[in-house]
Amino acid sequence: MASSTGFLSFAVLFTVFALFFVAISFSTDNWLVFVVNRAELDKSPDATVVVDRNRRPWYHSRHRGIFRTCFEGNETSFLDSNEYKNDRVDRNCLYVNYEIPETSALALRTSDYRLLIHLTRSHVAFLIVALVFLLIGCIIGALSCWRSKAGVARSAAVVVFVGAFFTAAGMAFFHGAEYLEWNRIDEAGYGFHLTWPTDLNTNTVREYSWSYILGWVGMGVAAIAGALFLIAGWLIRHKRHDKMPLDDYSMRSRNKAYEYMDQRHHPADEYYNYGAKPYYGPEMDERRDGNWGWNRY
């Protein structure tokens, strides 16, 4: 028969892995990678490409995470311009703008852009909540290994499942924001895909990278950990049930049956229990006096 201890151990281990994967995904800058063929762009006759290819970020290869976009190579002189230097970090990265705190300029943007901002904020918030639940799941899971109680294991399963749900919801918000950015928003001057020149579209490759993959892997591992906690709780419960062949009702019924049989075989015990002496009639009185019934004849 499967061991509940083994399932608990694997459940805690999977929860730790899930927490690690989601944390690494959250903190790294490789969710999306854009590879721009600069050599082909230099041959473009498009006037917009000629003017902007050295001064706009979306004309350069880059990898983007939740909090910042980082640029590769040495052709990053545009970061020194007044337009971008306030958002520059770590020499060749720019902060992702979440419009916090909100300004009056946000109300002037399109509804799709405002929805994009809300989705990206939800993406960050849900991943933070997922990390908190997975951390709590690790703690409760370790406690379940120590206490080995079905209720504690089930509680750990619920917490880890909630963490997996928030991870999946955060990934869904990311995809919603990405869809708006790539297919709906056409505001010029902000680098949205619909405003790119044809030559830039042709020479740019966009793909998901390992930070994004780790997010989904963490969600899947967390779901497996929750299932393992449920199985361990079920095994603990049935293991304890096998050690107790009779439940409380059966034990009480059996004890009452024994008491009834004892009273039938030893009726005097009932009187002695209440401090009274048994009485069996005049014959017993005469025998106790030593006459044994001879005085009656």
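Glu-178 is buried, with a relative accessible area of 7%. Buried means under 20% relative accessible area, exposed over 50%, and partly exposed in between (1.4 Å probe, protein chains only). Arg-206 is partly exposed, at 30%.

The side chains of Arg-206 and Glu-178 form a salt bridge, 2.8 Å from N to O. Arg-206 sits in strand 6 (residues 204-208) and Glu-178 in helix 5, so the bridge ties together parts 28 residues apart in sequence. A salt bridge here is a side-chain nitrogen of Lys or Arg within 4 Å of a carboxyl oxygen of Asp or Glu. Helices (H or I, at least four residues) and strands (E, at least two) are DSSP runs, numbered from the N terminus.

## How the model is read

This is a predicted model: local features need pLDDT of at least 70, side-chain atom pairs count only at pLDDT 80 or more, and totals for chains, interfaces and linings use all residues. Residues are numbered from 1 along each chain as its sequence is written, and side-chain values use heavy atoms, leaving out hydrogens and water.

## A buried pair

The salt bridge count is twelve. One of them joins Glu-181 and Arg-64, with the closest N and O atoms 2.9 Å apart. This pair links distant parts of the chain: Glu-181 is in helix 5 (residues 150-183), Arg-64 in strand 2 (residues 62-64), 117 residues apart. Both Glu-181 and Arg-64 are buried.

## A network around Arg-68

Asp-90 and Arg-68 also meet in a salt bridge, at 2.1 Å from N to O. Arg-68 is partly exposed, with a relative accessible area of 23%. Shared partners join Asp-29, Arg-68 and Asp-90 into one salt-bridge network.
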